[in-house]
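Here's a quick tour for anyone who likes to read a model with the viewer open.

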Amino acid sequence: MEYQTKQNIEVNYIHGSLENDWIVFGYGDDTDENYQIMRDLEIDELIENYKNQAYSKYDNYSQLYERALNKYNEYDVLVIGHSLGKTDKALLSEIINSSKLGKFYCFKRKDLEHTPEFVEKEFDVLNKMASRIFSNELDKRKKMVPLSKSAFFP
């Protein structure tokens with residue numbers, strides 16, 4: 001396992017948590033041209049389920065800048081059970097395409113440990129999804145920790 005645990009890890013539950021009694025659900029790619037079209041139609045119902053509407057109700061999104069992106073000279077990103085799908089592309093793009101990104105870890109599912117073909121298949125999916133978020137393939141190749149060095153999570 002290449003990832004070493006550090007003492008000062010700060011977790012930001014950007015989508016909320018059950019402990020705080022709120023969770024952000026919805027769609028999230030507000031950079032998509034379809035969002036722009038719907039927003040410009042000025043029909044509130046068309047954009048009410050976009051995550052950026054919920055993010056403005058809570059401070060977790062702004063804390064992302066205060067506690068991480070603007071605070072540290074370098075940070076790592078740990079992907080644990082996330083699809084890296086289009087719904088979080090705008091947010092992930094800000095985090096991943098920053099010059100402050102050190103390493104990008106995609107953890108493997110422990111329940112698939114005894115089926116290496118499924119581990120590899122799932123990692124391949126994450127790799128492709130990451131390619132849609134990283135704006136520079138060279139950065140992705142340099143920063144994304146390869147499957148062989150990726151750890152399992154429970």
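## Ground rules

This is a predicted model, so to speak plainly about cut-offs: local features need pLDDT of at least 70 and side-chain atom pairs count only at pLDDT 80 or more, while totals for chains, interfaces and linings use all residues. Residues are numbered from 1 along each chain as its sequence is written, and side-chain values use heavy atoms, with hydrogens and water left out.

## The cavity

Rolling a probe the size of a water molecule over the atoms shows where empty space is left. Search the whole structure and you get one cavity of 30 Å³ or more. Here a cavity is a set of points, on a 1 Å grid over the protein atoms alone, where a 1.4 Å probe fits but cannot get out. The largest cavity comes in at about 40 Å³, where volume is the space filled by probe spheres set on the points, joined across faces, edges and corners.

Who lines the largest cavity? Phe107, Lys108, Arg109, Leu112, Val119, Glu122, Phe123 and Leu126 do, lining residues being those with an atom within 4 Å of a point. Strand S5 (108-109) and helix H6 (116-133) each put in at least two residues, and H6 gives the most, with four. (Helices are DSSP runs of H or I, at least four residues, and strands are runs of E, at least two, numbered from the N terminus.) By class, the lining has five nonpolar, no polar and three charged residues; nonpolar covers Ala, Val, Leu, Ile, Met, Phe, Trp, Tyr, Cys and Pro, charged covers Asp, Glu, Lys and Arg, and polar takes the others, Gly among them.

## Salt bridges

Side chains of opposite charge can pair when their charged atoms come close. The structure holds five salt bridges, each a side-chain nitrogen of Lys or Arg within 4 Å of a carboxyl oxygen of Asp or Glu. Arg109, Asp111 and Glu122 are linked in a network of them, and Arg109 and Glu122 also line the largest cavity.

Glu113 pairs with Lys110 at 2.9 Å, N to O. Glu113 is partly exposed at 29% relative accessibility, and Lys110 is partly exposed too, at 41%. (Buried is under 20% relative accessible area, exposed is over 50%, and partly exposed is in between, with a 1.4 Å probe and protein chains only.) Arg39 and Asp40 meet at 3.5 Å; Arg39 is partly exposed at 40%, whereas Asp40 counts as exposed at 54%.

Over in helix H7 (residues 137-143), Lys140 and Glu137 sit three residues apart, about one turn of the helix, and their side chains bridge at 3.9 Å. Lys140 is buried at 7%, while Glu137 is partly exposed at 35%.

## A nonpolar patch

Ile37, Leu41, Ile43 and Leu46 make a nonpolar surface patch of about 350 Å². Patch residues have over 30% relative accessible area and no salt bridge, with nonpolar side chains (Val, Leu, Ile, Met, Phe, Trp, Tyr) joined within 5 Å and like charges within 9 Å. The areas come from the Shrake-Rupley method with a 1.4 Å probe, and for residues only the protein chains shown count as cover.

Leu41 is in the loop between helix H1 (33-40) and helix H2 (44-47). Leu41 is partly exposed, at 49% relative accessible area.

## Across the sequence

Glu94 belongs to helix H5 (residues 89-96) and is partly exposed at 34%. Glu94 and Phe134 are 40 residues apart in sequence and 9.6 Å apart in space, C-alpha to C-alpha.

Notes. 1 Å grid on protein atoms, 1.4 Å probe; cavity = no way out; pocket = protein on both sides within 12 Å on 5 of 7 lines; lining within 4 Å.
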